[in-house]
Amino acid sequence: MRTATQTSPLHPALAGIVLSGAVAWVAMRLGDIAWLQNHGFSALTVAIVLGIILGNTVYARMGAYCGEGVRFSKQTLLRAGIILYGFRLTFQDIAHVGISGVVIDAAMLLSTFGLAWLVGTRVLKLDRDAALLIGAGSSICGAAAVMATEPVLRARSEEVTVAVSTVVIFGSLAIFLYPLLYTLQAEPVWGLRLPDFGVYIGSTVHEVAQVLAAARAIDQHTADVAVITKMVRVMMLAPFLLMLSMRVAPRSSGQQHQPHQPHQQRKLSIPWFAFAFIGVVIFNSFFPLPAQVNQVLLQIDTLMLAMAMAALGLSTHLSALRSAGIKPMILGAVLFAWLVIGGALVNGALGRLLA
């Protein structure tokens with residue numbers, strides 16, 4: 001005799017998708033609150049927080065029924081959301097920041113990610129995937145980069161959540177720190193000129209929302225430059241994923257190296273959604289859609305990414321986060337220090353050199 005779930009195989013998927021969507025919808029509404037926006041808490045950040053709260057309380061009783069749909073939201077909807085993210089970008093954005101902005105973005109991405117790998121795996125002895133996820137979130141575009149990197153590494157949910165947590169904590173700190181640094185940046189130790197500060201924020205702060213919040217606290221011009229610089233940095237996500245997939249041997253969650261199966265460790269995981277992301281950016285650059293259509297697509301994109309973040313939170317257990325220990329946060333702090341201090345030096349040096 002078949003069970004209820006066997007007679008209705010679609011119901012578990014629908015239940016999980018509806019649950020993820022409901023959490024995402026609430027997060028998007030909360031994300032519209034001015035106080036949260038001013039403090040850099042985007043809908044994605046709120047979604048994972050709500051997901052974690054539910055995931056460690058009431059979701060435990062419905063996980064078996066909703067798990068299939070939650071996994072769909074966390075994986076398939078994530079990829080779709082990353083693809084639609086391309087409608088936020090155009091190649092014309094590059095022209096607004098110039099060659100110096102592009103070079104500074106690339107320098108900060110490569111140096112931050114390299115530092116994450118070196119300190120995370122060699123000094124702190126973190127799991128490779130955990131270190132690389134934290135590095136991706138710190139060096140590119142926060143939670144979205146962490147989520148986009150997860151399919152390439154095939155990392156565990158707990159590692160993804162820990163990486164997102166570092167982005168939330170240190171990115172939120174940046175919102176209050178950078179306006180203070182602005183008042184000090186004329187000092188010789190920083191070596192920055194006033195027009196460069198927007199590039200400095202955009203090339204070093206984690207999340208787009210956090211960039212906007214930090215830059216708006218200074219002035220509108222700084223905010224405009226910072227956001228454009230940040231979006232150019234976001235555009236580097238696709239080539240980053242392609243290079244990462246070629247350089248890092250992916251492994252599934254819990255997979256251990258087997259000497260008699262060396263080919264499994266060399267298997268290449270191609271992030272096809274990254275190609276689609278580039279295609280959307282190209283299309284948006286040369287064949288822009290009407291503003292109303294583009295706005296609808298961006299709302300759909302935010303919903304998909306928020307659903308993915310909610311699903312991640314639902315499938316994350318705080319006991320696993322506690323077991324991760326203090327090392328991930330130490331790595332996040334090291335990277336944050338590099339973004340602030342090293343980023344100032346890089347911006348000052350390359351800004352003068354390429355001006």
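Biologist: How many cavities of 30 Å³ or more does the count come to?

Modeller: A cavity is a space where a probe fits but cannot get out, whereas a pocket is open. In this predicted model, the count comes to 2 cavities of 30 Å³ or more.

Biologist: Which residues line the largest cavity, and which helix supplies the largest share?

Modeller: Its lining consists of L44, L78, I82, A144, M147, L305, A308 and M309. Helix α16 provides the largest share, with 3 residues, while α5 (63–84) and α8 (143–153) each supply at least two. By class, the lining has 8 nonpolar residues, with no polar and no charged ones.

Biologist: What lines the second largest cavity?

Modeller: I82, Y85, C141, A144, V234, L237 and F277 form that lining. These divide into 7 nonpolar, no polar and no charged residues.

Biologist: Turning to the pockets, what is the volume of the largest pocket, and which residues lie nearest its centre?

Modeller: The largest pocket has a volume of about 880 Å³. Of its 30 lining residues, S42, R88, V208, A209 and T302 lie nearest the centre. Elements giving two or more residues to this lining include α2 (10–31), α4 (43–55) and α16. The lining comprises 16 nonpolar, 8 polar and 6 charged residues.

Biologist: Which elements give two or more residues to the lining of the second largest pocket?

Modeller: They are α6 (92–123) and α13 (237–247). This pocket holds about 220 Å³ of space, and its lining has 9 nonpolar, no polar and 1 charged residues. Among the residues that line it are W117, F240 and R247.

Definitions and conventions. Residues are numbered from 1 along each chain as its sequence is written. This is a predicted model: local features need pLDDT of at least 70, side-chain atom pairs count only at pLDDT 80 or more; totals for chains, interfaces and linings use all residues. Side-chain values use heavy atoms; hydrogens and water are left out. On a 1 Å grid over the protein atoms alone, a cavity is a set of points where a 1.4 Å probe fits but cannot get out, and a pocket is an open set with protein on both sides within 12 Å along at least five of seven lines; lining residues have an atom within 4 Å of a point. Grid points are joined across faces, edges and corners, and a volume is the space filled by probe spheres set on the points. Helices (H or I, at least four residues) and strands (E, at least two) are DSSP runs, numbered from the N terminus. Ala, Val, Leu, Ile, Met, Phe, Trp, Tyr, Cys and Pro count as nonpolar, Asp, Glu, Lys and Arg as charged, and the others, Gly among them, as polar.
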